[in-house]
Amino acid sequence: MTLICSVCGGTSFTFEPVLWDELVNAWGLTEDERGYVDRQQGECCTDCGSNLRSIALAEAIRQELGMDEWLSPGLNHRRYRKTRVLELNEAGMLSPLLAKMPGRVFGHYPEVDMQAMPYPSDTFDLVVHSDTLEHVPDPVQALKECRRVLKPGGACCFTVPIVIGRLSRRRDGMPASFHGESDTQSDDWRVQTEYGADAWCQALEAGFESVQLNAVAFPAAVAILARA
Ligand SMILES: [Zn+2]
């Protein structure tokens with residue numbers, strides 16, 4: 001199957017591995033798992049620079065908005081001018097695109113606590129976050145908050161790094177592990193949860209009505225679309 005970039009429609013990709021040995025060991029990844037997690041973060045569209053993680057997220061957003069075009073031109077359409085979007089942390093390479101939407105609110109991470117957000121209930125049509133939930137101490141509470149600030153019928157589109165051959169585990173009591181760069185030691189980027197095949201369950205636990213998984217080059221990149 002030809003891989004197409006949901007952000008711009010591009011069909012050529014470059015690949016640069018991003019994981020380092022220490023993180024791979026802490027995470028306990030096999031060579032195969034390392035390979036697809038590397039693709040998720042390091043395989044990028046030549047035309048727009050989006051990696052597979054951002055492309056999977058873009059696909060989930062297109063589905064939710066019922067968009068026929070690719071995300072980059074599509075978001076400029078006048079029918080999305082009143083769409084209220086909450087972007088938490090920078091949603092990978094989609095951030096500059098979302099920033100152009102008049103109805104977009106940006107919640108800085110970690111200044112905005114996802115577990116107790118400073119936004120009124122029933123406010124947004126869409127909540128977007130990317131590879132952030134794994135750093136939050138209580139991810140179910142964070143997803144409950146996402147649901148609370150959504151209008152009825154709204155949706156939360158997000159990604160977390162998922163190792164599909166195992167179940168999610170907490171890193172409580174395990175040596176600290178960090179994402180970002182290999183020298184990152186900030187507690188904000190400390191990994192609290194390593195997600196596995198059951199990653200979708202937390203959205204239902206948090207009260208979302210349905211969950212849809214959007215895959216790009218499975219298992220390299222999966223985005224979760226949770227509908228309120
Ligand atoms: Zn692209």
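Tutor: First, a definition: two strands pair if DSSP finds at least two bridges between them. Strand 3 and strand 5 run parallel and are joined by 4 bridges. Keep in mind that this is a predicted model.

Student: Okay, which residue in strand 5 stands opposite Val 85?
Tutor: That's Leu 126. Another pairing into strand 5 is Leu 88, whose bridge partner is His 129.

Student: And how many bridges does strand 5 make with strand 6?
Tutor: There are 6, again in the parallel sense. Ser 130, for instance, has Thr 159 in strand 6 as its bridge partner.

Student: Zooming out, what's the strand order in the sheet?
Tutor: The sheet is open, has 6 strands and goes 4-3-5-6-10-9, with mixed pairing. On average, neighbouring strands are turned by 20 degrees against each other, ignoring direction.

Student: What about strand 5, is it enclosed or open?
Tutor: Largely enclosed by the rest of the structure, because 6 of its 7 residues are buried.

Student: Switching to helices. Which strands does helix 3 touch?
Tutor: Helix 3 packs on the sheet against strand 5, strand 6, strand 9 and strand 10, and its direction makes about 30 degrees with that of strand 10. Ala 56 has contacts that include Thr 159, Asn 214, Val 216 and Ala 223.

Student: And where does helix 6 lie?
Tutor: Across strand 3, strand 5 and strand 6, running at about 140 degrees to strand 6. Together, strand 5, helix 6 and strand 6 form a right-handed β-α-β unit.

Student: Which residues of helix 6 are buried?
Tutor: Pro 139, Ala 142, Leu 143, Glu 145, Cys 146, Arg 147 and Val 149. Their cover includes strand 3, strand 5 and strand 6, plus strand 8 (193-194) and helix 7 (201-205).

Student: Last topic: the largest nonpolar core. Which residues touch the most other members?
Tutor: Of its 56 residues, those are Ile 55, Ala 56, Leu 57, Val 127, Val 128, Cys 157 and Ala 223. Elements that each supply at least two residues include helix 3 (52-65), strand 5 (124-130), helix 6 (139-149), strand 6 (150-159) and strand 10 (221-227).

Student: Who gives the largest share?
Tutor: Helix 3, with 8 residues.

Conventions
Residues are numbered from 1 along each chain as its sequence is written. This is a predicted model: local features need pLDDT of at least 70, side-chain atom pairs count only at pLDDT 80 or more; totals for chains, interfaces and linings use all residues. A nonpolar core is a set of buried Ala, Val, Leu, Ile, Met, Phe, Trp, Tyr and Cys residues joined through C-beta atoms within 7 Å. A residue is buried if 20 or more other C-beta atoms lie within 10 Å of its own, exposed if 12 or fewer, and partly exposed in between; C-beta atoms are placed from the backbone. Two residues are in contact if their C-beta atoms, placed from the backbone, lie within 7 Å. Axes are lines fitted to C-alpha atoms, for helices over the stretch in contact, and angles run from 0 to 180 degrees between N-to-C directions. A crossover is right-handed if, with the strands pointing away from the viewer, the path from the first strand over the helix to the second runs clockwise. Lists of a residue's contacts leave out its neighbours within four places in sequence.
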